[in-house]
Amino acid sequence: MRSKLLAAGLAGFAAVAALAGPAAADTTGDTIVTLTVNAAGGLSITVPATANIGNGVEGTTVSGQLGPVTVLDQRGSLTPNWTATVVSTDFVTGGGSSGETIPAINVLYWSGPATGTAGTGTFTPGQPTAAQAVIINVPRTAFSKTGGTGNNFASWNPTLQVNIPDGTVEGVYTGTVTHSVL
């Protein structure tokens, strides 16, 4: 009796296995895969450490290019908009008395066009030509970028124009032009 039950059990098991085999081969499985894209860096600006734009006498204008200014946006953003601004201090020599100071209101700036860009979106110079030069005694837009996605950069070589007032004494005048980006 035991062998009949055993034989019947084995036969039943074989029948179930035969029926289950093909069904298992037809099943599929999904794997949800994720990955993380990290930003390579942040938003930065590089500027020349120094610039000498020339010389002149009182009542004239001195102008020259500052050298390359570059905004590098490595935030990997969906909306990588940014605006670079520029502002100047007074230019002084000696003790900085009234005759030894060229007020920042006499300092004009124009960005000129981009010398290089990469990435998507719209890159806009603050002042494409000398005709749009602005006084930089207060922060002014130097360059901006809107739209697009991902990393990007823009470079430009701005021109600085300093109007030397009458009564300005002889000397080497130093001022600071500060670029910032947000």
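Reader: How many aromatic pairs does a search of the whole structure find?

Author: One. Rings of Phe, Tyr and Trp (its six-membered ring) pair if their centres lie within 6.5 Å. This is a predicted model, where local features need pLDDT of at least 70, side-chain atom pairs count only at pLDDT 80 or more, and totals for chains, interfaces and linings use all residues. Residues are numbered from 1 along each chain as its sequence is written, and side-chain values use heavy atoms, with hydrogens and water left out.

Reader: Why is the pair of Phe-143 and Trp-156 called stacked?

Author: Planes under 30 degrees apart count as stacked, over 60 as edge-to-face, and the rest as tilted. The planes of Phe-143 and Trp-156 stand at 15 degrees, with the ring centres 4.6 Å apart, so the pair is stacked.

Reader: What makes this pair a tie between parts of the chain?

Author: Phe-143 belongs to strand 11 and Trp-156 to strand 12, so the pair joins parts 13 residues apart in sequence. Strands (E, at least two residues) and helices (H or I, at least four) are DSSP runs, numbered from the N terminus.

Reader: Are Phe-143 and Trp-156 buried or exposed?

Author: Both Phe-143 and Trp-156 are buried. That term means under 20% relative accessible area; exposed means over 50%, and partly exposed is in between (1.4 Å probe, protein chains only). Of the 182 residues of the chain, 27% count as buried.

Reader: Which residues touch the most other members of the largest nonpolar core?

Author: Trp-82, Tyr-109, Trp-156 and Leu-160, out of 23 residues. Strand 4 gives the largest share of this core, three residues. A nonpolar core is a set of buried Ala, Val, Leu, Ile, Met, Phe, Trp, Tyr and Cys residues joined through side-chain atoms within 4.5 Å.

Reader: What makes Asp-73 and Arg-75 a salt bridge?

Author: The test is a side-chain nitrogen of Lys or Arg within 4 Å of a carboxyl oxygen of Asp or Glu. The closest N and O atoms of Asp-73 and Arg-75 are 2.7 Å apart, so the pair passes the cut-off. The structure holds one salt bridge.

Reader: Why is Ser-111 called buried?

Author: Its relative accessibility is 1%, so Ser-111 counts as buried. Ser-111 sits in the loop between strand 7 (107-110) and strand 8 (114-118).

Reader: What polar atom lies 3.1 Å from the side chain of Ser-111?

Author: The backbone nitrogen of Gln-127. The side chain of Ser-111 also reaches the backbone oxygen of Ala-142 at 3.3 Å. Both are polar contacts: a pair of N or O atoms within 3.5 Å, where within protein one must be able to donate a hydrogen and the other to accept it, and residues adjacent in sequence count only if both atoms are side-chain atoms.
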